[in-house]
Amino acid sequence: MLDKLAVTGHLAQFVAETPWEALSPPVVHQAKRALVNFFAVALTGCREPAIETALQSLATFSAGNQATVIGRPERLDALSAAFLNAASANVLDFCDTHVPTVIHPTAPVAPSLLALGELHRVSGRDLILALVLGAEIECRIGLAISPSHYRRGWHITATCGVFGAAAASGKILALKPEPMVAALGLAATQAAGLCECLGTPAKSVHIGNAARNGLWSALLAAQGLAGPPEPLTGGQGYFHALAETPQLSILTDGLGDSWEIMKTAFKPYPCGFVVHPVLDCVIDWRRAHADAIVKKVTVTGNPLLAARTDRPNISTSGQSQVSVQHAVAAALVTGRAGVEQFGQACVNDPRVAALRGKVAVKRDESFATTAAAVEIETADGKRHKLHQGTARGSNDNPMTDRDLEDKLRDAAAPAIPRNDVAALIEAIWTLEACPDIARLPALTVPQTR
């Protein structure tokens, strides 16, 4: 059994010493899928009001011209670019999900690596390896304290994502085990993010900071700045401060034998993943009953569905992303569940608002987070009972490579209409042969002609 005072060192050694050859072809391919999805969601969110505000604020203090802001002409210092690209990827709640923890693993990690790739020459192989390792660290730390950590109100993508960004950045910087421990320690003291912020623009701050602070932690460690020897399990370390009793075996057992990135699901809908099986039911039903008048809807799902999305009274697009009532109502009115259905105009639609008040939510411990049941009562007195056991996009019902490509094309059409999106897609699928990853964000800079 691993001594609890050696946990961080063990993780640091694993990250520092794992070579490219440790990754099997399916793991490499999954990392590429994560990147296709990442560019799709970053392009979808890059001009949201929260991102515009953050950009204006950061640009005031950024004299750097180091790194690309995805989907935009602006260039900022690397730390600010990492912040904005992470925030853009998560702002619409459209990013990937590690199903066991509900961490969105790529949003905090990929932006730090892309920013580093504009400071130093980084190969495609190095990017893939670092992304896989960063996801492994953040998800294992999250697994060790799930589900209590999230239930306490900590937004796990931010509080664990900062470790993933630090580990991945440290790998690119070729940190040895000792400075890698320092990078993880510096990340630990900057870990933050509250679920109370979900549905508000403030959520983007802690997602952006997870990428920025993780990258900065690795850069500081590379310059010799030290941290505590055991930041995770120390007497006043990360787990103790969060009042958690971690399952330490999860952190290290089988490390390198299996990869948490393989448990990553990709979203077909821009909202909380626990809402997806509900939407699957409603959209399929609406297609066959377009003219039906709905009197009442009862949704049954995992307790996390109610805890995070039982929000009938909303007024903003941000709140709509974490409201199962809105998702159901919008899907019933429009027959779709895309970005438009979670926009402000749909939130304000009186037909949608009226239906939100007719949706009730029930908790059932027997349901997985990817499953749900829906009962729709119509004006003719009929009760339509629906069930989805594995949500579209989940591991057992995954989006195909073509689905992810189409998601990226759909995102690029309004964001970078004159760019060659096919070139970006091809660059990602052939990434292991790429000598310089700076090409990827460059392909998202809007072309003027």
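Are Phe14 and Trp259 buried or exposed? Phe14 is buried, and Trp259 is buried as well; buried denotes under 20% relative accessible area, exposed over 50%, and partly exposed in between, with a 1.4 Å probe and protein chains only.

The model is predicted, so local features need pLDDT of at least 70 and side-chain atom pairs count only at pLDDT 80 or more, whereas totals for chains, interfaces and linings use all residues. Residues are numbered from 1 along each chain as its sequence is written, and side-chain values use heavy atoms, with hydrogens and water left out.

**Whole chain**

Display the entire chain first. Its secondary structure comprises 21 helices and eight strands, where helices (H or I, at least four residues) and strands (E, at least two) are DSSP runs numbered from the N terminus. The radius of gyration is 21 Å, close to the 22 Å that the globule rule gives for 449 residues, so the chain is as compact as a globular protein of that length; the radius is taken over C-alpha atoms, and the rule is 2.2 Å times the number of residues to the power 0.38. Along the principal axes, the C-alpha atoms fill a box of roughly 70 × 60 × 40 Å. Of the 449 residues, 61% are buried. Among contacts (heavy atoms within 4.5 Å) between residues at least 6 apart in sequence, 78% join residues at least 24 apart.

**Aromatic rings**

Select Phe, Tyr and Trp next. The structure holds four aromatic pairs. Rings (for Trp, the six-membered one) pair if their centres lie within 6.5 Å; planes under 30 degrees apart count as stacked, over 60 as edge-to-face, and the rest as tilted. Phe14 and Trp259 form a tilted pair, at 5.9 Å centre to centre and 35 degrees between the planes. This pair links distant parts of the chain, 245 residues apart: Phe14 belongs to helix H1, and Trp259 to the loop between helix H12 (248-252) and strand E4 (264-265). Phe38 and Phe39 make an edge-to-face pair, with 5.4 Å between centres and 75 degrees between planes; Phe38 and Phe39 are both buried. Phe163, Tyr238 and Phe239 form one aromatic cluster.

The criterion is NZ of Lys or CZ of Arg within 6 Å of the ring centre and within 35 degrees of the ring normal. Arg212 likewise places its charged end over the ring of Trp216, 5.4 Å from the centre.

**Helix H9**

Move to residues 177-188, the twelve residues of H9. Nine of the twelve are buried, so H9 is largely enclosed by the rest of the structure. The buried residues include Met180, Val181 and Leu184. Their cover includes helix H1 (7-17), helix H6 (124-144) and helix H10 (203-222).

**Strand E5**

Select residues 294-301. Six of the eight residues of E5 are buried, so this strand is largely enclosed by the rest of the structure. E5 pairs with strand E7 (residues 372-378) in the antiparallel sense over seven bridges; pairing requires that DSSP finds at least two bridges between two strands. Val294 stands opposite Thr378 in E7. Strand E6 (residues 359-363) runs parallel to E5, joined by five bridges, and Arg363 in E6 is the bridge partner of Gly301.

**Thr444**

Finish with Thr444, in the segment after helix H21 (439-442). Thr444 counts as buried because its relative accessibility is 0%. Apart from residues up to four places away in sequence, Thr444 touches several residues, among them Phe39, Arg72 and Ile416.

Key
Expected span 1.5 Å × (residues − 1).
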